[in-house]
Amino acid sequence: MSTQSDGTGQPSSPRTAQGPVAPDHRWAGLFVLATALSMIVLDGTIVGVALPTIIEDLHLDLGDAQWVNASYSVVFAALLLTTGRLGDRLGRRNMLLGGVVVFLAGSLLASQADDAGTLVVARLIQGVGGAFVLPATLSTVNATFRGKDRAVRSGGRG
């Protein structure tokens, strides 16, 4: 690989015999994937912490509270294999973007919920969105990072 001058004495972008080398956006992509994944993981746990406040604010009984807490996880887990297969057919990017949109729609509905039924439906929608996001993020990381990029170490041997 060589660099060429842009006429000002400064080297221009790297070039190969085939033309300019595309910038490496893999690490920025990893940040986007990690953000999407953290969004669904956080949602899977945050309701457990907030449940006492939710019960008080929405006047839920024990059964309603259990549905609010479990509905996300049940739908999420039930759809993982199916959405992973859909990702193979429709594309990882489409699944990730669609999943984020569905998840955010469920989150918006949950934020406006004023009764148990609406909140449970919102959590179900979030579970569907999360089930689209998880396989898309994992398979994208697997396809993007190969070889020594998967084994990047910090520091020395340990």
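This is a predicted model: local features need pLDDT of at least 70, side-chain atom pairs count only at pLDDT 80 or more; totals for chains, interfaces and linings use all residues.
**Figure 1. Overall order of the elements.** Along the sequence, the pattern of this protein is β-β-β-α-α-α-α. Of its 158 residues, 27% count as buried.

**Figure 2. The largest nonpolar core.** This core consists of 12 residues, including Leu 33, Ile 40, Tyr 72, Phe 76, Met 95, Phe 103 and Val 133. Two or more residues are supplied by each of H1, helix H2 (62–90), helix H3 (92–112) and helix H4 (116–144). The largest share, 4 residues, is that of H4. In soluble globular proteins, nonpolar side chains tend to be buried together.

**Figure 3. The surroundings of Val 133.** Apart from its neighbours within four places in sequence, Val 133 makes contact with Ala 36, Leu 37, Ile 40, Leu 96, Gly 99 and Val 100. A second, separate core has 11 residues, among them Leu 51, Ile 54, Leu 58 and Leu 119.

**Figure 4. The position of Asp 43.** Asp 43 belongs to helix H1, which spans residues 26–58. Is Asp 43 buried or exposed? Asp 43 counts as buried because its relative accessible area is 11%, under the 20% cut-off. When neighbours within four places in sequence are set aside, Asp 43 is in contact with Tyr 72, Phe 103, Arg 123 and Gln 126. Of these contacts, Tyr 72 and Phe 103 are also members of the largest nonpolar core.

Terms used: Residues are numbered from 1 along each chain as its sequence is written. Side-chain values use heavy atoms; hydrogens and water are left out. Buried means under 20% relative accessible area, exposed over 50%, partly exposed in between (1.4 Å probe, protein chains only). Contact means heavy atoms within 4.5 Å. A nonpolar core is a set of buried Ala, Val, Leu, Ile, Met, Phe, Trp, Tyr and Cys residues joined through side-chain atoms within 4.5 Å.
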